[in-house]
Amino acid sequence: MHRYKFVLYRPIQFLPVLFGISVVTFVLVRLIPGDPARVLLGARATPTAIANIRRQYGLDEPMWLQYLYFVKNLLNGEMGKSILYKIDVLKLIMTRIEPTLVLVLASVVLSVLIAVPMAALAARNHGRFADHAVRVISTAGIGFPPFWLGLMLIILFSVNLGLLPVSGYGETLGEKVAHLVLPSLTIALSLSTVLTRSLRAAMVEGLRSDVATAARARGMPEHVVFWRHVVPNSMVPTINLLAINIGWLIGGTVVIESVFAIPGIGQLLVRAIFSRDYMVVQGVAMFLACATVLINLIADIVTVAADPRVKL
């Protein structure tokens with residue numbers, strides 16, 4: 001069990017990270033030009049009405065005092081009240097978490113399903129045409145922005161072929177699945193290019209390892225050596241790489257949710273930024289930061305469980 005002792009002190013190490021994120025987010029949000037009260041009331045609002053709104057939400061207090069209120073709310077399990085939606089920010093996030101969570105999980109699964117076969121094809125044909133083709137495709141895929149790729153998929157599958165819906169989330173399970181195919185595929189195609197390159201390199205190295213050589217010496221067929229020994233050992237660095245790219249994945253969902261009009265946390269964040277809804281922006285940023293920290297912790301636990309040689 002001493003291999004898992006990092007689980008006890010790792011959350012403490014994350015506290016300075018979360019504190020730094022809270023400070024940076026708080027300051028940057030308030031540097032955005034515009035007044036939330038004026039955005040809420042409109043261009044014809046009177047100075048008295050604007051002053052009342054600012055007083056109601058504590059926007060007339062000094063910035064350092066507003067930050068203390070923000071931290072106090074966090075310690076109490078609260079994130080303040082949305083100026084635009086008139087409800088608690090945490091409750092608002094909970095109403096938007098399902099589309100984002102499903103989108104992230106589906107994207108990760110699709111990324112692995114794309115990356116593993118492509119990396120295996122390249123590794124088992126190392127130095128040949130299939131290997132070079134996979135490397136070219138993965139390298140070219142890195143250069144495609146997710147939002148552009150999403151628009152191209154919309155044009156192909158929705159506009160030209162009429163197979164999938166353009167935007168939205170749907171009501172029934174079937175509608176939700178149909179609406180998430182293109183967004184998940186967009187993120188998966190972008191993420192799988194990075195995973196494929198890493199996984200291919202790990203598989204090529206695994207084929208040359210002493211473990212693979214010993215397995216061949218025992219008379220195991222090459223495909224058994226590859227899938228039983230090489231692939232499991234190659235997945236460990238891929239898990240770490242996937243955890244590192246979680247921040248990129250979350251950022252990608254913010255963009256993709258806006259492109260496909262998915263009512264998730266990403267779209268909520270974009271709308272809150274444009275409406276100067278400070279509490280929502282801060283709450284969503286802290287929520288995503290905590291999610292990223294938690295996912296990295298889970299990735300560390302999985303890495304230690306998958307490889308007994310690893311100690312964190």
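Over the ring of which residue does the charged end of Arg124 sit? In this predicted model, in which local features need pLDDT of at least 70, side-chain atom pairs count only at pLDDT 80 or more, and totals for chains, interfaces and linings use all residues, the ring is that of Phe226, whose centre lies 5.2 Å from the charged end of Arg124. A charge sits over a ring if NZ of Lys or CZ of Arg is within 6 Å of the ring centre and within 35 degrees of the ring normal. Residues are numbered from 1 along each chain as its sequence is written, and side-chain values use heavy atoms, with hydrogens and water left out.

Phe226 also takes part in an aromatic pair. Four such pairs are found in a search of the whole structure, a pair being rings of Phe, Tyr or Trp (its six-membered ring) with centres within 6.5 Å, classed as stacked for planes under 30 degrees apart, edge-to-face for over 60 and tilted for the rest. The ring centres of Phe226 and Trp227 are 5.1 Å apart and the planes stand at 90°, so this pair is edge-to-face. Phe226 is buried, at 1% relative accessibility, whereas Trp227 is partly exposed, at 44%; buried denotes under 20% relative accessible area, exposed over 50%, and partly exposed the range in between (1.4 Å probe, protein chains only). One aromatic cluster is formed by Phe26, Tyr67 and Phe70.

The chain contains 13 helices and zero strands, where helices (H or I, at least four residues) and strands (E, at least two) are DSSP runs numbered from the N terminus. The C-alpha trace spans about 85 × 55 × 35 Å along its principal axes. Of the 312 residues, 41% count as buried. Among contacts (heavy atoms within 4.5 Å) between residues at least 6 apart in sequence, 73% join residues at least 24 apart.

Two packed helices are described by the angle between their axes and the distance between the axes. For helix H5 (residues 89-124) and helix H11 (residues 246-259), the axes come within 11 Å and cross at roughly 120°. Axes are lines fitted to C-alpha atoms, for helices over the stretch in contact, with angles running from 0 to 180 degrees between N-to-C directions. On the H5 side, Thr100, Leu103, Val104, Ser107 and Val108 meet Leu249, Thr253 and Glu257 of H11. This contact comprises four nonpolar, three polar and one charged residues, with Ala, Val, Leu, Ile, Met, Phe, Trp, Tyr, Cys and Pro counted as nonpolar, Asp, Glu, Lys and Arg as charged, and the others, Gly among them, as polar. Helix H5 also contains Lys91, which is exposed at a relative accessible area of 56%. Lys91 lies 9.4 Å from Lys81, C-alpha to C-alpha, the two being ten residues apart in sequence.

Gly150, in helix H7 (residues 146-160), is buried with a relative accessible area of 0%. Its C-alpha atom is separated by 7.2 Å from that of Leu182, 32 residues away along the chain. Neighbours within four places in sequence aside, Gly150 is in contact with Thr186 and Phe260.

Ala261 belongs to the loop between H11 and helix H12 (265-274). Most residues other than glycine have a negative phi. The phi of Ala261, however, is positive, near 55°. Ala261 is partly exposed, at 32% relative accessibility.
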